[in-house]
Amino acid sequence: MTGSSSMSIGNVACRRCGDGFDIHEQIVNSNGEVWHTHCFVCAQCFQPFPEGIFYEFEGRKYCEHDFHVLFAPCCGKCGEFIIGRVIKAMNNNWHPDCFRCEICSGQLSDSGFVKNAGRALCRECNAREKAKGMGKYVCHKCHAIIEESHIKFKAETYHPYHFNCHNCGVELNADAREKGGELYCLRCHDKMGIPICGACRRPIEERVVHALGKSWHVEHFVCAKCEKPFLGTRHYEKKGLAYCELHYHQLFGNICFVCNSIISGDVFSAFNKSWCVNHFACSICDRKMSQKTKFFEFDLKPVCKLCYDRFPGELKKRLKKAYDEAAKK
């Protein structure tokens, strides 16, 4: 505080230099101690205090800048000086608003934290990390590790027993299904006409494959032998199972390329395909052919000589060359 003093100054001395004051001299009075105006300066930089604001520590006065440099802690996140409340954690100092969970960024200053692998985490994120290490989920509602089955609802994971069927009210289990933002038991959900995959028993919301008397997710309709998805390619059925062409042939024999049936009698084989007697025909005119009939390959299909003769000259040469090469083999 600066100002003129009305006290007797005959035996009063400056707190800093020890000299007295002239009777009309302006002095500084702070907490009963007096200074010449030019002596009332920062103990570090020896400059006057801006706007008369100073900080005092162990009997010495400092300007705001030097006090921060010398004594105020710096925040471990933003690097700025901390004025007021200081959070001391993780071997560092923090502004309350800067001390946050390293996963969800939630504020930790009042809720507490858990140290996890050198990180400060909120209790919920710590539980998730712990569950992840165990290969398990954490319930989004009670934040406990889910030891057994779980359900997904609005992209979050829960214990099933936290919910009841939107239709019948029964407590849900892992078979619960979501539709239109609500959860239903499997029985109520099936009554709503949504197809259920024959493999995973979950609803099919997008493209559906109908085969073997069931509905399937495209990626779940697979060969019973190699377990590769058919993805729209031809499949062959046997005793309630579906097989790709390769493994059906390996397991059960030849299949007619036309009627898709097992060939029990004579087999016509060409171009890595098989035909039964009634279906081995020219792919252009549909005239039936035998193994003695001269034919040519066109687009991996048989073409009789009559149709071949109608082809343009250049195409005919190419077909003849392919025919001769196949005959040599």
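Trainee: How do the residues lining the largest pocket divide into nonpolar, polar and charged?
Mentor: This is a predicted model: local features need pLDDT of at least 70, side-chain atom pairs count only at pLDDT 80 or more, and totals for chains, interfaces and linings use all residues. Numbering runs from 1 along each chain as its sequence is written, and side-chain values use heavy atoms, leaving out hydrogens and water. Ala, Val, Leu, Ile, Met, Phe, Trp, Tyr, Cys and Pro count as nonpolar, Asp, Glu, Lys and Arg as charged, the others, Gly among them, as polar. The lining divides into 8 nonpolar, 1 polar and 6 charged.

Trainee: What is the volume of the largest pocket?
Mentor: A pocket is an open set of points on a 1 Å grid over the protein atoms alone, where a 1.4 Å probe fits, with protein on both sides within 12 Å along at least five of seven lines. Points join across faces, edges and corners, and the volume is the space filled by probe spheres set on them. For the largest pocket it is about 290 Å³.

Trainee: Which residues are closest to its centre?
Mentor: Lining residues have an atom within 4 Å of a point. The largest pocket has 15 of them, and the closest to the centre are W35, A43, G59, R60 and K61.

Trainee: Why does V69 count as partly exposed?
Mentor: Buried means under 20% relative accessible area, exposed over 50%, and partly exposed in between (1.4 Å probe, protein chains only). V69 is partly exposed because its relative accessibility is 49%.

Trainee: How many salt bridges does a search of the whole structure find?
Mentor: Each needs a side-chain nitrogen of Lys or Arg within 4 Å of a carboxyl oxygen of Asp or Glu. D97 and R100 make one of them, at 2.6 Å, N to O. The count is 6.

Trainee: How many residues apart are R15 and E33?
Mentor: Their side chains meet in a salt bridge of 3.1 Å, N to O. R15 is in the loop between strand 1 (2–3) and strand 2 (27–30), and E33 is in strand 3; this links distant parts of the chain, at a separation of 18 residues.

Trainee: Is D110 buried or exposed?
Mentor: D110 meets R85 in a salt bridge, 3.2 Å from N to O. R85 is partly exposed at 45% relative accessibility. D110 has a relative accessible area of 63%, so D110 is exposed.

Trainee: What phi does L231 have?
Mentor: L231 lies in the loop between strand 17 (214–217) and strand 18 (236–238). Most residues other than glycine have a negative phi. L231 is not a glycine, yet its phi is positive, at about 50°.

Trainee: Where is K239?
Mentor: K239 also is not a glycine and has a positive phi, about 55°. Its relative accessible area is 78%, so K239 is exposed. Its place is the loop between strand 18 and strand 19 (241–243).

Key. Helix = DSSP H or I, 4+ residues; strand = E, 2+ residues; numbered from the N terminus.
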